[in-house]
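Subject: Handing over a structure

Hello,

Here is the structure I promised to pass on. Please open it alongside this note, and then read on for what turned up.

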Amino acid sequence: MTDVTHRLILSVTEPNNNVGLLVVRQDDEATQKFSVELVENGEMKTFEGLTVEFVNATRINQGMPIISKVNDVYPDQGRFEYTLQSQDLQFIGQNSGYFNFKNADGKKIFSTRNFHFRVERGVYKGKIADGGYLWEITELIRLTNEWIESIKGILGDDAAASLSAAIVDHVGNKKNPHGVTKAQIDLGNVPNYAAASELEAIAGTAGNKLITPQGMNSFYLAKTQKRRQRWDEGLNWIAHRGNNTTYPENTIPAFLASGRHFGVETDIQVTSDGKWVVMHDETVDRTTNGTGKIASMTLAQFRALRIDTGANLAACTDAERTPPILEEYLLACKTINRVPVIEIKSFNYTEAHYATLKEILTRFGYDETNCVVISFDFAVLTKMRALYPNMELQYLVDSITTSTINQAISLGIPAALSSNYNQTSVNDANIKLIHAAGLKIGVWTVPDASFDKMVKLGVDYITTNSRSGNLRYSKLSLVNGFKAVTDAGKMDSNYVEEIGGGAVHVDFNVEGGVNTHDSSIAKLPAWAVPMYRQYASGTIRTENGVAMGSFDVNGRVKGTVFEAGVLGVGLNWENRTTWAAGSTVYALN
């Protein structure tokens, strides 16, 4: 058995509710280590001059605690390590334990709060440390043989060997040598079914097997997997406050322009009259023409404001600059068929607030199967788990730690931990821990330049301000002196985008450069390079007006006179005087 370290944060003042699910087997003796950080009121607690004991309190109410000394202690760092011994693995099922801290006189100074771990059935080989449970047959045989050995001088060698062999034969007799009947032990006509294997439990078809709680859980998870989450597993991109590169953040146009992404993220909170509205900040100061806290405004006051900052604000209508309510956001997500990713801001919400939230989600057809809720507030997520047992919840954290992983685990699956992408705790080791716990990992707010790094780390969600999402988007890299035509800011061309089904759309409008056939206009990003060269038609500005010309999408298969992976000058460019423009859809393979 490979050594396993369970990292715990235990408190002397608060319940230890976030240690996650700790499971060991009876034959895991001396391989399961508790690495404990000690805290008091959320701060590290040192214990210089004190000795530490582990108390298995599973049967303490029967007067049978099992106490073991902890040797690996680091008092000035507020941490210690204890490896479970055979005496800690006696009791099948949930065990309860805590750590005592005593002075030199043996007086207890303080102790941690109780935490729980589960012992699964295995081969228990240790000595029995108390008499408060049913003994294993192998332990009884061992004790009997010790007794026989002690009286061998009275019995004689042959008689002792014969008695020992008879006991072994009796134990190995599986044919009910005493002739015990069901009636004698009040079983009546109860069928003697064997336990179903995990595969049999998942199949759910056997009519002559018993199912264990673990098997029941496996059956449930298998049968409800598609129901619990409709979208595909894998990497998904989320538009941060909508497409805030093209429109002001958290506006209806920004939400509707998020079609390249799997999900559309927004922020919600309540007004003073209990209405759920959309805005990131606690106040309206940064993004609107008003001031003050949203929680102090009525819905009417909130809706009277106008958004006054953000991308292309002048292009938005008065209605589009009205700060949205939750219902409008959900309608936008439904319109473009994207998953709502709803951040609930921290607040002391009432039962009425949550009831209203659930009613709105239900009205728009959103439930635990097609909606994600995220929050920095763990209490909010705990409440949402009570309302939606199978909704995906994402715990937003400033840093990934053992404590935050334990908290995410305690939310139950499906759940995710999400952190800023540039935190040092977003690393390979932590991501492996998160995935091993059955959780997902998200990162925000990731720029285009860091996409590849996050993908290689194996994250599950990328929340971004970029136009690029599940369907990729990139500006073209112009070469050979070509420059973008912007028409005083009224044009935004020279880009390439995935449109699904192995097809890509490219659009350019350039001036300057050269007119020589097969010269390169712009380099394509690697993902947008097709296998084979393809021709397309464009428009050329000439001295007398416009003329038709062509341009080439050069693929991986390289020619002798043109560069691979670029847009190239085609035919009829020799009379160009200013700009050239083109747009086409091409196949990658």
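Two strands count as paired if DSSP finds at least two bridges between them. Keep that in mind for the hairpin below. Also note that this is a predicted model.

**Confidence**

The mean pLDDT of the protein chain is 89. Of its residues, 92% reach 70 or more. One stretch needs care: over residues 127-135 the pLDDT is below 50. That stretch still has 24 contacts in the model beyond near neighbours in sequence. Where pLDDT is low, the predicted coordinates should not be read in detail.

**Strands β23, β26 and β27**

Strand β26 covers residues 495-500. Strand β27 covers residues 503-512. The two pair in the antiparallel sense, over five bridges. Tyr495 stands opposite Asp507 in β27. Together β26 and β27 make a hairpin, with two residues between them. Gly501 sits in the turn and has a positive phi of about 65 degrees.

β26 has another partner, strand β23, which spans residues 473-475. This pairing is antiparallel too, with three bridges. Here Tyr473 faces Glu497 in β26.

Which residues of α8 are buried? They are Leu326, Glu327, Tyr329, Leu330, Ala332, Cys333 and Ile336. An α-helix has 3.6 residues a turn, so residues three or four places apart point the same way. The buried residues of α8 pack against α6 (252-256), β15 (263-270), β16 (276-278), β17 (339-344) and α9. After α8 comes Asn337, with a positive phi near 55 degrees.

Leu357 belongs to helix α9, residues 351-363. Its relative accessible area is 3%, so Leu357 is buried. Leaving aside neighbours within four places in sequence, Leu357 is in contact with Ile268, Trp276, Leu326, Ile344 and Met384. One of these, Leu326, is among the buried residues of α8. The C-alpha atoms of Leu357 and Val270 are separated by 9.9 Å. Along the chain, these two residues are 87 apart.

**The cavity**

Rolling a probe the size of a water molecule over the atoms shows where empty space is left. How many cavities of 30 Å³ or more does the structure hold? It holds one. The largest cavity has about 50 Å³ of space. Its lining is made up of Glu249, Asn250, Val278, Met279, His280, Thr287 and Ile307. By class, that lining has three nonpolar, three polar and one charged residues.

Most residues other than glycine have a negative phi, and most peptide bonds are trans. Several places here depart from that.

Start with the cis peptide bonds. One joins Ile413 and Pro414, with omega about 5 degrees. Pro414 is in the loop between α11 (402-410) and β20 (415-420). Another cis bond runs from Trp444 to Thr445, where omega is near -25 degrees. Thr445 lies in the loop between β21 (440-444) and α13 (451-457).

Thr463 is found in strand β22, residues 461-464. Is Thr463 buried or exposed? At 9% relative accessibility, Thr463 counts as buried, because the cut-off is under 20%.

Now the positive phi values. Asn312 is not a glycine, yet its phi is positive, about 50 degrees. Asn312 sits in the loop between α7 (299-303) and α8 (326-336). With 47% relative accessibility, Asn312 is partly exposed.

Asn572 is not a glycine either, and it has a positive phi of about 70 degrees. Its place is the loop between β31 (566-569) and β32 (576-587). Asn572 is partly exposed, at 32% relative accessibility.

**Across the model**

Trp147 lies in helix α1, residues 137-150. Its relative accessible area is 49%, so Trp147 counts as partly exposed. How far apart are the C-alpha atoms of Trp147 and Asn572? They are separated by 105 Å. Along the chain, the two residues are 425 apart.

Over to you.

Conventions: Residues numbered from 1 in each chain as written. Predicted model: local features only at pLDDT ≥ 70, side-chain atom pairs only at ≥ 80, totals over all residues. Heavy atoms only, no water. 1 Å grid on protein atoms, 1.4 Å probe; cavity = no way out; pocket = protein on both sides within 12 Å on 5 of 7 lines; lining within 4 Å. Points joined across faces, edges and corners; volume = space filled by probe spheres on them. Nonpolar A, V, L, I, M, F, W, Y, C, P; charged D, E, K, R; others polar. Helix = DSSP H or I, 4+ residues; strand = E, 2+ residues; numbered from the N terminus. Buried < 20%, exposed > 50% of the residue type's maximum accessible area, 1.4 Å probe, protein only. Contact = heavy atoms within 4.5 Å. pLDDT = per-residue confidence, 0-100.
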